[in-house]
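My entries follow in the order I made them.

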Amino acid sequence: IDKVNDTNPLPGLGRIEACNPCAEQYLHDGDVCNLGNLNLEKFVKGDKIDFDRLRYVTRLAVRMLDNVVDITAAPIERVNKMFRANRRVGLGIMGFADMLYLLHIGYDSEEGAKTAEKVMKCIEETAHQMSQELAEEKGVFPNWEKSVYASKGIKMRNAALTNIAPTGT
């Protein structure tokens, strides 16, 4: 739980005391996260990854997930308030093994690990850049002043952006 709180983007809301069994994103009491996934298999073009398309689709997905926050209504008002105050989205991935297969890269190889790092770095950096652009366009998330971003002077639309949720088989 100490490691969880070391990475808590909203320390001003207090410590996180527990997580759900899957733990794809640690949340404060009453908070929720809007999840979506990119199918990485679809970004293989010939014998390489189409990083330009991956950046484009990541930007589009972050905007879409942020818009979903506005139209979602939870049955409990305290959840609605927390959801909108933090605007958490969780853009994840699926199809990584299929991507590696199409690229003829071993899943448990050093090249496979380096590919994972490159892909996730692209998604993470692009998602953060898009959230910053959305903050300029639409404003920061209401709890921004309680976030690690405020202390760094980084305007963000969303308290969280990426995670790897269990997508099944």
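Which residues are linked in a network of salt bridges? I found Asp66, Asp70, Arg87, Lys138 and Arg157 in that network. I count a salt bridge when a side-chain nitrogen of Lys or Arg is within 4 Å of a carboxyl oxygen of Asp or Glu.

**Basis.** I am working from a predicted model, in which local features need pLDDT of at least 70, side-chain atom pairs count only at pLDDT 80 or more, and totals for chains, interfaces and linings use all residues. Residues are numbered from 1 along each chain as its sequence is written, and side-chain values use heavy atoms, with hydrogens and water left out.

**Overall fold.** I listed 6 helices and 4 strands. Both are DSSP runs numbered from the N terminus, helices being H or I with at least four residues and strands E with at least two. The pattern along the sequence reads α-β-β-β-α-α-β-α-α-α. The radius of gyration is 17 Å, close to the 15 Å from the globule rule for 169 residues, so the protein is as compact as a globular protein of that length. That radius is taken over C-alpha atoms, and the rule is 2.2 Å times the number of residues to the power 0.38. I noted a C-alpha trace spanning about 50 × 35 × 35 Å along the principal axes. Of the 169 residues, 42% are buried. Here buried means under 20% relative accessible area, exposed over 50%, and partly exposed in between, with a 1.4 Å probe and protein chains only.

**Aspartate 66.** I looked up two partners of this residue. Aspartate 66 forms a salt bridge with arginine 87, at 3.1 Å from N to O. Aspartate 66 is in helix 2 (residues 51–71) and arginine 87 in the loop between helix 3 and strand 4 (89–94), so I logged a link between distant parts of the chain, 21 residues apart. Aspartate 66 is buried at 0% relative accessibility, and arginine 87 is buried at 4%.

Aspartate 66 also meets lysine 138 in a salt bridge, at 3.7 Å from N to O. Lysine 138 lies in helix 5 (residues 110–138) and aspartate 66 in helix 2, so this pair ties together parts that are 72 residues apart in sequence. Lysine 138 is partly exposed, at 31% relative accessible area.

**Helix 2 against helix 5.** How do the axes of these helices cross? They come within 9 Å and cross at roughly 45°. That makes helix 2 oblique to helix 5. The contact holds 9 nonpolar, 5 polar and 8 charged residues. Axes are lines fitted to C-alpha atoms, for helices over the stretch in contact, with angles from 0 to 180 degrees between N-to-C directions. Under 35 degrees is roughly parallel, over 145 roughly antiparallel, 65 to 115 roughly perpendicular, and the rest oblique. Ala, Val, Leu, Ile, Met, Phe, Trp, Tyr, Cys and Pro count as nonpolar, Asp, Glu, Lys and Arg as charged, and the others, Gly among them, as polar.

**Arginine 78.** I counted 13 salt bridges in the structure. One of them joins arginine 78 to aspartate 29, with the closest N and O atoms 3.3 Å apart. Arginine 78 sits in helix 3 (residues 77–86) and aspartate 29 in the loop between helix 1 (2–6) and strand 1 (34–39), so the pair ties together parts 49 residues apart in sequence. Arginine 78 is partly exposed at 48%, whereas aspartate 29 is exposed at 61%.
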